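Here are a few exercises to work through with the model open beside you. Try each task yourself, then follow the solution step by step.

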Amino acid sequence: MSQCNCENNDKLSHHEVMAKMDTIIDRIGSSRRVIIPLLQAIQDEFNYLPADAIERIYERTEIERAQLISVSTFYSQFRHIPYGKHLIKVCAGTACHVKGANNVYDSFVRELKIKTDSVTTDDKLFSIEKVACLGCCTLAPVVQIDDKIYGHVAPGKVGELISEFIESNKAEEEKTGKANEYKLSGEVRLGMGSCCQASGSADIYNELLTKANELGIKVDIKSVGCVGVCNQVPLIDVVLEDGAVKRYPNVKASEIKEILHHHFKSGSLLRRFKNSIINHVDNYHTDTTWNNVVWKSEAERTGLINSFLSEQKHISTEGYGFLAPLDLDEYIHHQGFASLKKVIAENKPNQVVRDVLTSGLRGRGGGGFPTGEKMKIVASSTQKDKYLICNGDEGDPGAFMDRMILESYPYRVIEGMVIEAFATGANKGIFYIRAEYPLAVQRIKRALELCRERKLIGRNILGSNFSFEVTVFEGAGAFVCGEETALIASIEGDRGFPKQKPPFPAVEGLDGRPTLVNNVETLSQIPYIIRNGANHYAETGTENSKGTKVFALAGKIKNGGLIEVPMGISLNRIIDEIGGGVEGGEQLKAVQIGGPSGGCIPAHRCDVPVDFDSFRQMGAMMGSGGLVVLSESDCMVDVARYFLSFTCEESCGKCTFCRVGIRRMLDLLNRICSGSAKMEDIDKLEELALNVKKSSLCGLGKTAPNPVLTTLKYFRKEYEEHINGLCKTGKCKDMMQFIITDDCTGCTKCAKACPVDAIAYEPYKVHNIDQDACVKCGLCVDECEFNTIIKVPVKQEVYANND
Amino acid sequence: MQITINDKIIDVQGQDTLLKIARREGFEIPSLCWSKDARHKSSCMVCAVKDLSSGQIIPSCTSKPVEGMRIDTQSEEVMQVRTLSLELLLSDHRADCEAPCSLVCPSKLDIERMLNYYDKGQKEKAFGLIKHAFDLPKLACENCKAPCEKACRRGSIDTPVTIRKIIKELTKVVDATKVDEIENVAIDKTKFQSRLGRFCESEKARLKETVSTPSNCLHCACAGKSACQLRTHATTHKIKRPGYDMSSALQVMSRIKINDTMYFEPSKCIRCGLCVYNSDNGFTFKNRGFQMEVNLPEENKKNIRVELASLCPTGALYIVEN
């Protein structure tokens with residue numbers, strides 16, 4: 001992924017742009033259906049889609065203007081205007097939302113003085129955008145500037161964060177001259193789960209940066225989302241060129257230099273020599289020895305890993321904590337591809353389908369359709385060409401299971417795919433992965449290459465007659481493409497409009513051929529089923545939901561992270577025993593499950609077992625596996641509004657009920673949240689929600705009202721309070737205000753912190769907030785040491801004045 | 001194959017859609033986004049029926065029958081879905097069926113049509129249209145309180161069209177005896193009346209800037225109203241006002257000239273896509289979600305055939321008779 005180089009673009013002559021375009025077109029192709037890869041390549045090159053580059057497409061390819069406009073404006077990845085040099089992405093995922101992402105976004109806009117109708121600063125240095133989810137939910141609120149991820153961003157620290165970024169960026173630019181000469185040696189991944197952060201991973205991050213520079217080592221330092229083991233923190237993974245991972249739990253800042261030096265060689269001999277001397281001297285002085293870092297075993301350093309792992313069961317994430325993502329030998333050593341070998345040796349495709357049916361495996365993408373049934377339909381077709389698509393278009397805000405599986409267990413997904421292909425007679429496979437997951441794309445591509453070398457994919461797999469070709473398609477940013485027919489439309493080079501079912505893709509899918517579309521997690525369960533037997537697999541889980549489910553546990557939870565649990569475990573056990581309870585000792589209010597398609601399950605019903613059907617009965621949905629814990633300080637109406645504003649943006653726009661209906665629901669919710677609604681509006685909202693659910697044509701529209709319907713069902717009182725002008729949690733800004741009590745000492749700290757000067761600077765006097773100027777960002781509250789600034793409902797204030 | 005529609009058992013052969021079968025059997029089902037022999041994708045849900053076997057609401061225009069299917073086309077539930085889909089479409093349809101001036105005229109004059117002739121310089125025709133209402137030389141407007149001018153949308157932008165002054169001018173410049181009367185069709189008030197609502201500030205500024213006809217008239221009346229199916233269905237479903245707030249992502253009254261006779265008015269469009277699916281590199285969709293619009297790039301105007309206008313179920317794509 002090339003860094004932004006729009007500055008250079010301005011200097012490119014028309015001739016140069018055309019030359020670049022011709023190279024891209026020659027590489028990608030010129031047929032109608034390559035439009036998405038083509039536009040992605042252009043954006044990679046120019047940082048946006050320049051008009052003259054687009055004209056070249058019309059001249060040289062089959063793609064016409066109507067198709068191009070239709071597609072390029074549908075997918076959110078594509079930009080039609082140049083952005084600033086650095087791109088700030090403010091995560092607006094569920095976990096970030098409940099932790100105040102909007103305030104963070106507003107702070108950036110204020111701090112950078114970005115004008116209302118623009119997203120770019122005047123000096124073209126920064127552009128800002130909200131993104132659906134960065135997949136670092138345990139770090140919420142999260143901001144990504146270019147490649148750097150910042151967790152737990154406080155609105156008040158935004159200024160510091162920007163200057164820190166500029167500083168470190170300057171330092172890097174100075175280094176790039178040198179660094180460019182060296183080959184990229186690998187990467188260091190820093191687990192930045194909430195627990196990592198709490199134990200000082202930010203210091204580790206800075207230390208990694210400075211020491212890497214000092215040593216002249218060019219490694220990618222990536223802050224990654226919580227990898228699950230939040231108890232052994234801070235934790236860094238050193239990923240070497242071959243994909244092997246060396247994990248260092250409980251690292252100290254003082255050990256960083258040793259670790260880097262041990263694994264990576266700096267560019268020049270002289271530098272190497274110098275480094276070893278410096279290190280020697282350093283060690284001598286600090287008395288930190290190498291022994292501290294490496295020679296102790298992980299277990300010794302960490303002690304026993306406690307309950308966080310004890311309730312879990314690893315099927316999709318088998319090999320958890322030690323398997324190097326791209327080490328094929330290691331995977332094979334741990335029974336990898338044993339299932340595929342077994343299947344091919346036995347050569348009974350129908351038996352495989354029967355096994356999957358017996359196992360009771362249901363699609364993990366959300367709908368929960370029995371996987372074996374789908375396979376049976378595809379297998380029964382006599383057509384020559386059949387497709388198998390791995391659906392990795394994980395777009396739910398608050399979910400990052402698929403990303404983690406693709407990044408960490410690429411071979412397992414590939415193996416599952418080849419087994420299914422063998423069982424169904426599919427000859428072409430496609431990995432459909434969101435472009436927002438560059439690491440996953442890169443890993444899968446590399447894993448496929450390595451598999452091809454060993455004849456695990458491609459022609460005559462493992463010496464048999466069976467051939468299966470696999471390619472990778474990068475999704476371009478549309479939640480609706482998680483819907484299988486929309487996904488197929490996008491591969492065909494169209495906007496992601498879902499098609500009416502039937503016909504189901506299993507009968508008539510990509511290019512009209514039978515197409516099996518399975519979610520990443522579903523595929524990753526297949527090898528286990530084959531290896532251990534369908535009956536063994538079916539022992540785990542409930543009557544109608546077998547096996548395990550991976551969840552992204554986030555929100556107001558003590559130990560968030562990625563977890564894999566057996567079906568049938570209760571939500572309470574997940575929260576209390578795995579997650580360690582609600583953060584900050586607050587009361588549990590509800591659990592939001594299944595993202596925008598799911599619903600909110602109230603605390604008193606959290607004894608419900610994890611199960612497709614029991615969730616559905618409650619009006620929620622398994623969804624793809626986001627699990628956001630909400631505490632008493634979260635406003636349920638605001639949560640419902642949040643999800644609806646997401647689906648409103650992500651609706652494809654084809655059908656009336658989804659395009660207009662969801663918008664009208666959102667209008668009503670906005671009114672309710674601003675305190676200007678009437679009691680009838682609640683009924684109106686409910687009626688509309690029921691109709692949108694009933695009359696929408698695809699999964700997105702049919703499930704979009706769920707967050708509203710479940711909150712109406714379990715928290716109707718809260719809606720009624722809003723109508724009466726009261727949001728008890730103070731999340732609905734229009735209904736609350738900040739006031740300063742008489743205990744104020746007049747220290748002026750709040751006045752200095754206020755970004756809009758709503759507090760007059762009057763030392764030693766009780767301060768006062770100018771309500772008209774106040775933007776309710778809450779910075780003053782954080783700043784006040786005497787807790788004299790409180791949130792009160794606007795209405796209550798009115799009553800108080802009247803007294 | 002046998003299916004049941006509203007308790008009537010029907011033998012079905014071939015690959016006809018439920019809509020076609022039901023209509024053939026005499027059951028009335030409205031439709032908007034479907035047009036005979038045209039390419040389409042179901043989207044409007046005005047043709048909704050209920051599949052009693054699965055309990056699902058489905059669009060009859062694309063759904064095919066399956067053995068033993070039981071379909072309901074007329075229950076209250078189905079009617080409610082259709083009405084709601086129309087209401088939702090109308091809440092995003094910021095346009096007037098009739099001009100406010102014509103609607104309020106006590107003498108039932110089609111003022112907007114008169115101003116239309118006037119603006120085209122056809123003053124005789126303009127006069128001919130209103131001639132019947134005046135016992136010339138006495139002017140009927142003389143003692144009228146001119147609700148037309150109060151209702152005039154131009155008034156919210158700058159100043160209302162000076163309707164009475166224009167009529168007076170017509171009586172002066174046109175020789176009444178030489179002008180043939182043109183039939184003035186009074187507005188049928190039993191029909192559904194879509195109303196545009198208020199202009200927002202940016203719309204006011206744009207219209208003030210861009211609309212400069214001799215009379216200053218904005219020509220609120222819909223040029224495609226006679227063939228508008230949206231209006232027809234809204235009338236039969238007894239809709240008075242859409243039950244939801246009006247708002248749209250589209251600019252009102254932006255009229256795009258496609259060629260000598262064809263115009264496209266995006267704010268009247270219901271995004272059914274018939275013009276998109278049935279033109280070759282012509283109309284296209286732009287954006288997604290509520291922001292999705294039908295767009296016609298300048299370069300593609302040459303690819304638009306006149307016949308396309310007849311596919312549009314609303315007055316968004318229309319032909320102007322000269």
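**Exercise 1.** Find which residues D385(A) touches, not counting residues up to four places away in sequence.

*Solution.* Start with the neighbours: D385(A) touches N427(A), K428(A), R513(A) and P514(A), where contact means heavy atoms within 4.5 Å. Helices here are DSSP runs of H or I with at least four residues, strands are runs of E with at least two, and both are numbered from the N terminus. Now look at N427(A): its side chain and that of D385(A) are joined by a polar contact of 2.8 Å. A polar contact is a pair of N or O atoms within 3.5 Å; within protein, one must be able to donate a hydrogen and the other to accept it, and residues adjacent in sequence count only if both atoms are side-chain atoms. Finally, D385(A) counts as buried because its relative accessibility is 17%; buried means under 20% relative accessible area, exposed over 50%, and partly exposed in between (1.4 Å probe, protein chains only).

A quick note on the ground rules: this is a predicted model, local features need pLDDT of at least 70, side-chain atom pairs count only at pLDDT 80 or more, and totals for chains, interfaces and linings use all residues. Residues are numbered from 1 along each chain as its sequence is written, chains are lettered from A and ligands numbered from 1 in the order in which they are written, and side-chain values use heavy atoms, with hydrogens and water left out.

**Exercise 2.** Work out which parts of chain A the salt bridge between R33(A) and D511(A) ties together.

*Solution.* First, check the distance: the closest N and O atoms of R33(A) and D511(A) are 2.9 Å apart. Then locate both ends: R33(A) is in the loop between α2 (14-28) and α3 (35-46), and D511(A) in the loop between α22 (484-491) and β12 (515-519), so the pair ties together parts 478 residues apart in sequence.

**Exercise 3.** Are R364(A) and E521(A) buried or exposed?

*Solution.* Begin with the link: their side chains meet in a salt bridge (3.9 Å, N to O). Now read the relative accessibility: R364(A) is buried at 1%, and E521(A) is buried at 0%.

Terms used. Salt bridge = Lys/Arg side-chain N within 4 Å of Asp/Glu carboxyl O.
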